[in-house]
Amino acid sequence: LSVSELARALKEKGSVALHGILFDTGKSTVKPESAETLKTVADVLKADPALMLEIQGHTDNVGAKAANLRLSQERAAAVQAYLVQTHGIAAARLTSAGFGDTRPVADNATEQGRAQNRRVELVRK
């Protein structure tokens, strides 16, 4: 997504799922390949100083529910920290939450569905 596309989606829909923020399996460290997507998010935030976001982490249903919930919370917090530390976004503008596998958007029975369920969502507050 471009800066304008992301800004429009947040304004019109109130949320957007990002699949360009990547993590190793079972880990919450943001991978370097995520930098471009996160720069776009930061640029949207910089362009609209009033915009406040909740960063939501979601997992597929592979593994223990409690572990997935914790992992999704840690990943959302890692994205929040990245935006604050790398791009200078005010921490007060961002919150984070993890939902584990409780909000699937696709069927967890297929790898393609599980890949769609592993995501970070931005929700306008």
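Contact here means heavy atoms within 4.5 Å. This is a predicted model, where local features need pLDDT of at least 70 and side-chain atom pairs count only at pLDDT 80 or more, while totals for chains, interfaces and linings use all residues. Residues are numbered from 1 along each chain as its sequence is written, and side-chain values use heavy atoms, with hydrogens and water left out.

**View 1. L122 and its contacts.**
Leaving out residues up to four places away in sequence, L122 touches L6, L10, G14, S15, V16, L18, V41, L53, E54 and I55. L122 is also among the residues with the most contacts inside the largest nonpolar core, along with V79 and L83.

**View 2. The largest nonpolar core.**
A nonpolar core is a set of buried Ala, Val, Leu, Ile, Met, Phe, Trp, Tyr and Cys residues joined through side-chain atoms within 4.5 Å. Buried means under 20% relative accessible area, exposed over 50%, and partly exposed in between (1.4 Å probe, protein chains only). The largest such core has 24 residues. Two or more of them come from each of helix 1 (3-13), strand 1 (15-18), helix 2 (35-47), strand 2, helix 3 and strand 4. Helices (H or I, at least four residues) and strands (E, at least two) are DSSP runs, numbered from the N terminus. In soluble globular proteins, nonpolar side chains tend to be buried together.

**View 3. Helix 2 and what covers it.**
Helix 2 has 13 residues and reaches 18 Å from its first C-alpha to its last, close to the 18 Å expected at 1.5 Å a residue; the expected span is 1.5 Å times one less than the number of residues. Its buried residues are L38, T40, V41, A42, V44 and L45. Their cover includes helix 1, strand 1, strand 2, helix 3, strand 3 and strand 4.

**View 4. Helix 3, end to end.**
The 23 residues of helix 3 should span 33 Å, and the end C-alpha atoms sit 32 Å apart, which agrees. Buried along helix 3 are N68, L71, S72, R75, A76, A78, V79, Q80, L83 and H87. These pack against helix 2, strand 2, strand 3 (94-98) and strand 4.

H87 lies in helix 3 and counts as buried because its relative accessible area is 18%. Not counting residues up to four places away in sequence, H87 touches L38, K39, A42, K46 and Y82. H58 lies in strand 2 and is buried too, at 4% relative accessible area. Leaving aside neighbours within four places in sequence, H58 is in contact with S72, F99, G100, R103, N117, R118, R119 and E121.

**View 5. The largest pocket.**
A pocket is an open set of points on a 1 Å grid over the protein atoms alone, where a 1.4 Å probe fits, with protein on both sides within 12 Å along at least five of seven lines; lining residues have an atom within 4 Å of a point. The largest pocket holds about 490 Å³ of space. It has 21 lining residues, and the closest to its centre are F23, T25, D60, R75 and R118. Strand 2 (53-58), helix 3 (65-87) and strand 4 (119-124) each supply at least two lining residues, with helix 3 giving the most, five.

How values were computed. Points joined across faces, edges and corners; volume = space filled by probe spheres on them.
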